[in-house]
Every structure is written in structure tokens, then in C-alpha cells.
Amino acid sequence: MAQVPQTFFDALAVRTWCGLALTALGRAREEIDAINVYPVADGDTGTNLYLTMESAVAAVEAAFEGHEVGPGGPGGSGGAGKPSPADAARAMAHGALIGARGNSGTILAQLLRGMAQVLAADSDTAHTDGAGLRLAFRHAADSARQAVAHPVEGTVLSVASAAADAAETTDGGCGAVARAAYEGAREALAATPGQLAVLERAGVVDAGGRGLVAVLGALVETFTGEAPGAVPGRLPRVGHEGSGASHARVDTGAGTAAPGGVSSAAHGDPRAGSLPLGGDEAAFDSGPVARTDALAAAMGPGDVDECADSPLEQDGPAFEVIYLLEAEDDAVDRLRTRLDGLGDSLVVVGGDGLWNVHVHVDDAGAAVEAGVEAGRPYRIRITHFGVGDVHTRGGERPPRERVQRAVVAVVPGEGLAGLYSEAGATTVLARPGEPPASGEMVEAVRRAHAREVVLLPNDADLRHTAAAAAEQARAEGIRVALIPTRSAVQGIAALAVHEPERRFDEDVVSMTSAAGATRYAEVALAERQSWTMAGICQAGDVLGLIEGDVSVIGSDVTAAAETVLDRMLSAGGELVTLVLGDEAPDSIADHLEARVREGYLGVDTVVYRGGRQGALLLIGVE
């Protein structure tokens, strides 16, 4: 069904655009990850852009929900039940800022912020017309360039500038201006390989620019009701030693969503239903892909930072450091100078006291310390690019022998990370509110140094991210099977039956069966008022979720956990697994163990400490 077009850029248009952009990036994510060869070929640009836009969507939806449940009136609402255009635009920008991931995601956040500053300039205006949209495009492109320490042509910055240039030469309403910007961006994207040698060698366009074209395609659909079609843009064959015929393909990636919001398909509704035992995720015979991947084609001297204007080099900084920072403008100016001397790929976006800092450095501690000197850094993420990947390899060390098989698992807390490690798994830590990107999972697969890898995402929301990581690892010659575990307790069950000595397919089938036979639940605190399947919950209520659905709402953690456990055991079970978070009551484990012992004969209980895992309690029943 075609999207209902929006005539002006008002609050509903902001909401619709964000929803369509998220859908488009979700559809294009794997493709963008696959062509991510610059600045660092870590295969996560598409995922980072998706997560950045997802944060923007969540903020806009929260703004609409706040006006739907709150009183209307002047000063904040643009009419009964919806925010003003200024409020919606600010929410979009703020959500992208606090959720920005990676280099391209940080730049996308600044592009959205630049547009929002124009759209929200007059808070009394009910909507923005074509002239205002032209100004928004120009301010967005200029502010993004200013945020990057050393801009380079052939990146998303070039694509954004071309979009603004094309918009400025177009008269008409928002639909005409959006289409002109999209066409200008598309043409600039096709030209990026001629501006960056690493792209030309790989036969691909810039990954960040490709994502921006998808976002602008969603804007065209917002105002016209029709998504731009796929736009093929192939490069000539590239003479690259060791590669086959490499081509670039440009696809808008635009999709459809329900009018005025985001359909459940945009997020995949990943927590619904039980663990699938078939389908793409459980494709067990997944050996190395016999194709020339863009990543492999680009793995040579010259892979350096997207935002550095220095000559192409073989080596680069070992760490990516990202954090939010509360600081004054003057302090941020000094921070930029300090970080520019520590590393490269420096992007600092934001304003009004809140900033998002991104840099590649060898001394991660110094980068964080610089933030402490400037203000208050938080949500600090430090990612090691990994010994042996294209950004850090020097070639001095001979490669060590690969093991035959390994398990790589995403875990939500330090305690579980220790448990999984003791069982022989390589772990990726998922901090509360900060899911790992596909690049982190790929790095863990490389760190495992195995010919065959079983990947356990342990979270339904990480299904697409894990799929992208598996695809990239396969392109590097590693046989990867992705078992779509939805909870850490399912991962524990799978790991318990793992036998590296048997055939790979048999091992994966056994692990998948064990995970699928484990029902999972969690007990957590509600963050805000919300409608659930069990009724309306208030902020601070105790929620019991079974298979991802809220089944219990209460005020006491232990009582809610007991109710959840009883409901799970009513269908039978042989083993109960309890994983306690740091904030769980001290007595809850003893109480639940006694409940199982007294009420369910023949059922065993095992308890683990999960540490800071987000949920108060994870429950598994096998």
C-alpha cells in the first residue's frame, strides 16, 4: 500500500519520515554492512545507521505518546493529541544524538540535528514549506562538515552537500525539494568511487552515503506517497589482484510503513513467538560463501579513516571510543583540539550542553580522560578493532593455527560473561541500553580464531545484527551457523550440549534443539506508563515477561517472579535456571528454589549471578 503523502513538513511528516527511514535502513542494512570498506572495513555501517535512526524513532514516538496521554494546550502541542513540528523535530534530533553509533551514525545524527534546528526555528509555525526544507538541507550539510575534524570528499559528507545543492536549485513544495535532494544525493553517491581509491578498488560506493540515500528516499515517499525505485549504478570492472569482478550497486532501500508511524515489521517484532527451528537463521550448512566480497576486495593498504585527509595508510588506531558528554561549548572546542592530536576519525556532534564524541585512537584511556577534563562523559563505549583486521594489521606476526570450532555468544552481564567463558565460549558484552554492533560480533568471531563458529545472539532484537556479522565472517572464509537464541538462558542450554568433537551440522542441530526446548522469562521494572497484554503498567511497576510478552504486573519482585515461575512450570519442566541481576533482592533465589523444591517434584534448580544485566532476573525452564 502506498504511503499517504504529507503536503508540508509538520509533526506527522517528521514521524512518518522517521518510520519510513527506519524501514528503509532495516531493508538495506546487510547490503550497507557488506560494502563498508572505508574508513574501517568492520562491516557495521548499515547496522550503526539503523540503530541511530531507531533511537530517533523511539524519541519521536515518545513525544507523540506524551501528547496523547497528557493535556493539550499552547506551548507544546501542535493540536490535540500531537506535538508541534518544533517538538517533533527536536525529539528526532535528540534521539539520534543519544543513540548515534559509529562514524556514519554520528554524522547522520548531526545531519538530523541540522535539519531540526531550521524546522524548529519558529516554534509557532504549524508546518514548514519547500523553502524551509531547502534551508534545512543546507544547514544540515554545513553543520555535518563542521562536526568532522578533517572532511574528505567521497564520503557521506559529499552526498549530503550534493543533496543540499540540488535542493537549492529547485522551486516548489516539499515533495519537489525532497525529490531533487534525493536525485542529487544519488548522483553524488555514484561518484564516490572516483573520489576515494579504496572504494574504487573494492568496486563499491560509500556505505555511509548509501545509507543517506535510503533516508532521503524515505523523505520522498513521505511527501509523494511513492518510494523511489531501485537505482542501479555499476562501476567498471576493477583490476584488483586477487579479486573477481566487483561492482557497485545503488539501491534506495526505501520501504513502506503504516501511515503516521512505524509498522511492527520495521522492527521485525522479534520477541513474538517461540524459537524457530528452521528458516534463514537456522541454515546449518552455511559454509564459506563462494563470492568476491567488497570487504575482501578492499583489504589492502589504504584503509584509513573516513574523516582523515592524510594519505592512505596501512595501519590505524586500535580503538574506537564513543561517549556522550555534558559540557560547555568552550570546553568542547578544547576537547576537539586534544582528541585531534590523539587519533583520527574525530566527529563531535550536538550542542546546548549535550554532545556525542567519536574518535579512533591507540590510547583509549587518554580519549576518555580528555572527556572528563571537558565535562561529564557517560555511556562510554570502547571497541577494539582487533588484531589482524584490516585497520590494525601490520603483518609482523605469523598467524597462529586456527582451532576447529568455537562458540561466540552475546551476554548481558559480567557474571554471565564469566560463566560462558568458563564453558569455552568467546563473549561479547551487551550493556543495558547499549546493544553491540555487528562489527563487535565479527571481531569476537575473529578472536575465537576457529574454522567453524556457532553464534548465539541471546536476544531477539539482535537477530539482524548477528545475521550481518555471520555474513561478513563467512565472506572471510569462516563457516558460521547462527542459532537465533532469544535469551541468555537459551544460550546456556545450547552451550550445555555443545560437543566440538562431533560433526558441525550435528552439533548445531543439537544446540538449536536444546535452545528451542527452553522457555524463557525475565522480571524487570517498568520505565514508564504503558499498555501491555496484562493491563496498564506504571513507571516502577514490576513486570514479568514470558517469551517477551508481559504476563504479570505487580509491586513485589519476589512475588512477581514466583507467579511467572508457576506459570512456566504449569506446562512441565525438568530444570529451572535462575540468573540474578545485581539489583535483585538477596532472598529471591532461596525463595524460588524452595518454591520449586516444595511444589514441583523432580525439577532441579541452578542459580547464576549475572551481574549488571538489565533485568532483575532471567528465568529458563527446560
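Strands β9 and β16 pair in the antiparallel sense, over five bridges. Two strands pair if DSSP finds at least two bridges between them. Helices (H or I, at least four residues) and strands (E, at least two) are DSSP runs, numbered from the N terminus. The model is predicted, so local features need pLDDT of at least 70 and side-chain atom pairs pLDDT 80 or more, while totals for chains, interfaces and linings use all residues. Residues are numbered from 1 along each chain as its sequence is written, and side-chain values use heavy atoms, with hydrogens and water left out.

Now take the β14 side. β14 and β16 are also paired in the antiparallel sense, again over five bridges. Here L580 stands opposite L617 of β16.

Is β16 enclosed or open to the outside? Five of its five residues are buried (under 20% relative accessible area; exposed is over 50%, partly exposed in between; 1.4 Å probe, protein chains only). So β16 is largely enclosed by the rest of the structure. In a regular strand, side chains alternate between the two faces of the sheet. In β16, L617, I619 and V621 point one way. L618 and G620 point the other way. All of these residues are buried.

β12 (residues 542-546) pairs with β13 in the antiparallel sense, over five bridges. Within that pair, L545 stands opposite V550 of β13.

A helix covers part of this picture. Contact means heavy atoms within 4.5 Å. Axes are lines fitted to C-alpha atoms, for helices over the stretch in contact; angles run from 0 to 180 degrees between N-to-C directions.

**Elsewhere in the chain**

Burial also marks helix α15. It is mostly covered, with 10 of its 11 residues buried. Among them are S438, E440, M441, V445 and R446. Just after α15 comes H449, with a positive phi of about 55°. Most residues other than glycine have a negative phi. H449 is not a glycine. It sits in the loop between α15 (438-448) and β7 (450-456). At 14% relative accessibility, H449 counts as buried. R379 also has a positive phi, about 50°, without being a glycine. It is found in strand β4 (residues 376-384). R379 is partly exposed, at 41% relative accessible area.

A473 lies in helix α16 (residues 463-475). It is buried, with a relative accessible area of 1%. A473 and G43 are 430 residues apart in sequence, but 9.7 Å apart in space, C-alpha to C-alpha.

Finally, take helix α3 and its partners. α3 (residues 85-99) packs with α4 (residues 102-119) at about 160°, with the axes 8 Å apart. That makes α3 roughly antiparallel to α4 (over 145 degrees; under 35 is roughly parallel, 65 to 115 roughly perpendicular, the rest oblique). From α3, A89, R90, M92, A93, A96 and L97 meet A109, L112, R113, A116 and L119 of α4. These contact residues divide into nine nonpolar, no polar and two charged. Ala, Val, Leu, Ile, Met, Phe, Trp, Tyr, Cys and Pro count as nonpolar, Asp, Glu, Lys and Arg as charged, and the others, Gly among them, as polar.

The axes of α1 (residues 11-34) and α3 come within 7 Å and cross at roughly 25°. That makes α1 roughly parallel to α3. A11, V14, W17 and C18 of α1 make the contact with P85, A88, A89 and M92 of α3. This contact has eight nonpolar residues, no polar and no charged.
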